[in-house]
Amino acid sequence: MDTKTMTVKQAVLRWSIGQFHHPRGVPGRVAGWVMAHRSSNRRRNSWVADLLDVRPDEKVLEIGFGPGLAVAELSRRVGPSGHVYGVDHSEVMVRQAARRNAAAIRAGRVTLIQGTVERLPPALDGPFDAVFAVNALGFWKEPVTRLQELRRRLAPGGRIAIASQPRCPGATRSTSLDAARKITDLLRAAGFAQPRTEILDLDPPVVCVLAANQDPGAPGPS
């Protein structure tokens, strides 16, 4: 393979990854459709929702909800006094997720907002009983700061779940376990307690690190 061909392929790969990170326009809609229908994505989101063990009266926030698969799963578990919130930086994903969750939005169980984890809107000040993100933390700037801000939005005893399925070429179980260790270190640095790792046996495996906000004196959002 000559250098020009390799450069073109690398550019296409970067563009494709960029669409899954921040879907835009028609290609972004295609990326959203792929994310919504890929079997591994559906299994991964359903699994994380199960791990959160959300009660009917709880308020939950997802960072980077994509096409809204986990939001849809959790919206069936909350009752009239519970609520599922989500924030995503892609207008395309907000539209797709809103269509997927239209009935739950009309019923007042779901709120979806366009925004970024770096500048969460005031409507998402919390407090929340649970916060989670699936394959999103790797894109965050200053992840410890972001996690600290999320912890301040958690109620005392609230929990966080950060899931990752590495998508780099040649990813293996070892790659996933390395990701879990890095997530654990970040959560500890942000002040979370009792992290534990769960593994979903896909190819490569999905890891989800869960931890708790055990500091009853944690300050609220500034």
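In what order do the seven strands of the open sheet lie? I looked this up in a predicted model, in which local features need pLDDT of at least 70 and side-chain atom pairs count only at pLDDT 80 or more, while totals for chains, interfaces and linings use all residues. Residues are numbered from 1 along each chain as its sequence is written, and side-chain values use heavy atoms, with hydrogens and water left out.

I read the order as S3-S2-S1-S4-S5-S7-S6, with mixed pairing; strands (E, at least two residues) and helices (H or I, at least four) are DSSP runs numbered from the N terminus, and two strands pair if DSSP finds at least two bridges between them. The edge strands, each pairing on one side only, are S3 (110–114) and S6 (193–200).

I then followed S2 and S3, which pair in the parallel sense over five bridges, and noted Val 110 in S3 as the bridge partner of Val 84. Helix H5 (residues 91–100) packs on the sheet and touches S2 and S3, its direction making about 165° with that of S3; angles run from 0 to 180 degrees between N-to-C directions, with axes fitted to C-alpha atoms, for helices over the stretch in contact.

Next I turned to the largest nonpolar core, which has 29 residues, Trp 140 and Leu 187 being among those with the most contacts inside it; such a core joins buried Ala, Val, Leu, Ile, Met, Phe, Trp, Tyr and Cys residues through side-chain atoms within 4.5 Å, buried being under 20% relative accessible area with a 1.4 Å probe, protein chains only. H8 gives the most to this core, with five residues.

Note on methods:
Buried < 20%, exposed > 50% of the residue type's maximum accessible area, 1.4 Å probe, protein only. Contact = heavy atoms within 4.5 Å.
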